[in-house]
Amino acid sequence: MTDKEFEIFINEQDFIGHDFIDESFKFWFNNNDHIRTPFPENIQRKLKERTIRIFMEWVYELGDEEKNRLTNDIIVETFEMILFNQAMNMVTDEDHKISICYPFLPRLGDVVNDKNKGTSTIISRELDVKDDEKKYLKVRLINTDAELEWATEFELPA
């Protein structure tokens with residue numbers, strides 16, 4: 001589909017409202033009470049363009065029967081899958097990849113209150129796959145009051 005055909009389709013189609021797309025980007029590109037954006041600011045404009053293009057091309061390919069069977073949950077899941085997949089293709093920094101894959105986990109610079117080690121700041125994190133094939137997040141922290149650097153790890157959801 002050419003850019004011109006795509007633009008015409010976007011303007012004429014009525015299956016996906018512009019408010020859905022706008023609200024989705026507003027949610028994922030801004031910090032909210034329960035989640036911070038996992039997407040670096042420097043990729044957001046291009047990420048938005050790519051996501052809209054791929055998502056709307058998916059919509060374009062749907063037949064009327066398929067559209068009738070789609071639920072809101074499937075539409076949202078498809079949009080978010082495209083958004084996150086495109087973002088992973090746009091970042092090279094491993095820490096950014098961790099944030100995109102696991103947007104709800106603690107990040108670099110976050111403060112953690114550990115009952116044994118005290119208040120500490122996350123200074124590094126990396127993914128690790130153990131012999132049991134499960135993924136773990138290794139986190140290094142520093143308690144600046146005690147000048148103590150320490151590490152922990154935990155299993156990641158599948």
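**Entry 1. Terms and ground rules**

Two strands pair if DSSP finds at least two bridges between them. I take helices (H or I, at least four residues) and strands (E, at least two) as DSSP runs, numbered from the N terminus. I note that this is a predicted model, in which local features need pLDDT of at least 70 and side-chain atom pairs count only at pLDDT 80 or more, while totals for chains, interfaces and linings use all residues. Residues are numbered from 1 along each chain as its sequence is written, and side-chain values use heavy atoms, with hydrogens and water left out.

**Entry 2. Confidence**

I looked up pLDDT, the predictor's confidence in each residue, from 0 to 100. The protein chain has a mean pLDDT of 92, and 100% of its residues reach 70 or more. Within the protein chain, confidence is lowest in H1, with a mean of 84, and highest in H5, at 97.

**Entry 3. Helix H3**

For the 21 residues of H3 the expectation is 30 Å, and the end C-alpha atoms are 31 Å apart, which agrees.

I then asked where the kink in H3 is centred. The kink is centred on Leu47 and amounts to about 30°; the bend at a residue is the angle between axes fitted to the seven residues ending there and the seven starting there.

Next I listed burial, where buried means under 20% relative accessible area, exposed over 50%, and partly exposed in between (1.4 Å probe, protein chains only). Leu47 is itself among the buried residues of H3, together with Ile43, Gln44, Thr51, Ile52, Arg53, Phe55, Met56 and Val59.

**Entry 4. Ser24 in H2**

I turned to Ser24, which lies in helix H2. Ser24 counts as buried because its relative accessibility is 12%. A polar atom of the Ser24 side chain lies 2.8 Å from the backbone oxygen of Phe20.

**Entry 5. Strands E1 and E2**

I moved to strand E1 (111-114) and strand E2 (118-129). E1 and E2 pair in the antiparallel sense over 4 bridges, and they form a hairpin with 3 residues between them. Val111 stands opposite Thr121 in E2, and Asn113 stands opposite Thr119 in E2.

Lys117 is found in the loop between E1 and E2. Is Lys117 buried or partly exposed? Its relative accessible area is 35%, so Lys117 is partly exposed. Not counting residues up to four places away in sequence, Lys117 touches Asn143, Leu148 and Trp150. I also checked Lys117 against Glu149: the two are 32 residues apart along the chain, and their C-alpha atoms are separated by 9.3 Å.

**Entry 6. Ser120 in E2**

Ser120 lies in strand E2. With 1% relative accessibility, Ser120 counts as buried. I asked which side chain makes a polar contact with the side chain of Ser120. The partner is the side chain of Trp150, at 2.9 Å. A polar contact is a pair of N or O atoms within 3.5 Å; within protein, one must be able to donate a hydrogen and the other to accept it, and residues adjacent in sequence count only if both atoms are side-chain atoms.

E2 and E3 run antiparallel and are joined by 8 bridges. Ile122 stands opposite Leu141 in E3. The hairpin of E2 and E3 has 5 residues between the strands, and Glu133 takes a positive phi near 70° there. Glu133 is exposed, with a relative accessible area of 66%.

Strand E3 (residues 135-143) is also joined to strand E4 (residues 148-155), in antiparallel fashion, by 8 bridges. Val139 stands opposite Thr152 in E4. This hairpin of E3 and E4 has 4 residues between the strands. Glu147 is found in the loop between E3 and E4, and its phi is near 50°, a positive value in a residue other than glycine. Glu147 counts as exposed, at 72% relative accessibility.

Technical notes:
The expected span of a helix is 1.5 Å times one less than its number of residues. Contact means heavy atoms within 4.5 Å.
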